[in-house]
Amino acid sequence: MKRMEQIAKNKNQQKSFTLVEMIVVVGILGLITGGLLLSMRGILSSELLLKRMQEVEGESRFMMDVFAQDAAYSTINTSSWLAEQNESFNNKLIFSFAEKKSDIENLNDPARVVYSGEANTLIRTYTNTQKDEFKTELNITPLFKDPYFLIKKVRTPDGGENFMVIMSLIFQVSTGTGGTTLLPIETSVMSRTFEF
């Protein structure tokens, strides 16, 4: 009988783990679990950043469409330019609206749109001929700094004058882990070539 108890005791000791073995196994499992959690955090952070960048892309597409449409039905206010000046770097841009260039030349105060920056936002201010003003913030994602506009005078082969406008925006996108990344976007449009 004692022999049977001794054999059973030896079998039980062979099947069980020592305390050191248990600590090593738990430590290895902890390292694996920690590594997986860190990887998941990185994946989730990257996915959040990608989602926010797609939102910025949608916002910027909307802003560029509005901007291009305003440029297509207006002329640029260059009253502050010197006669020999061919380009201007501005923090705001003024478009004057009319169906034909002759209308703008004959009107003392046509409708106009002003693009400017205010508190890291692109602002579109429309003023009609009755002096009613409509102000719109065009972005939800904040800008890193106020937008700027480069306006270049372009001469056509027949001696006409037109303007190319480059609008630069730098969005500040949150990464979801407390950091931010900058996303620069630029677009250029030609102001309308008017029919007389």
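Reply: Let's start with confidence: in the protein chain, mean pLDDT (the predictor's confidence in each residue, from 0 to 100) is lowest in helix H3, residues 101–106, at 59, and highest in strand S6, residues 133–137, at 91. Helices (H or I, at least four residues) and strands (E, at least two) are DSSP runs, numbered from the N terminus. The chain as a whole averages 79, with 81% of its residues at 70 or more.

This is a predicted model, with local features needing pLDDT of at least 70 and side-chain atom pairs counting only at 80 or more, while totals for chains, interfaces and linings use all residues. Residues are numbered from 1 along each chain as its sequence is written, and side-chain values use heavy atoms, leaving out hydrogens and water.

Now for the close look. Strand S4 covers residues 112–117, and Ser 116 sits in it. Ser 116 counts as buried because its relative accessibility is 17% (buried is under 20% relative accessible area, exposed over 50%, partly exposed in between, with a 1.4 Å probe and protein chains only). Setting aside neighbours within four places in sequence, Ser 116 has contacts (heavy atoms within 4.5 Å) with Asn 91, Lys 92, Thr 121, Leu 122, Ile 123 and Pro 147.

Step into the loop between S4 and strand S5 (122–127) and you'll find Ala 119. Ala 119 isn't a glycine, yet its phi is positive, about 50 degrees. With a relative accessible area of 69%, Ala 119 is exposed.
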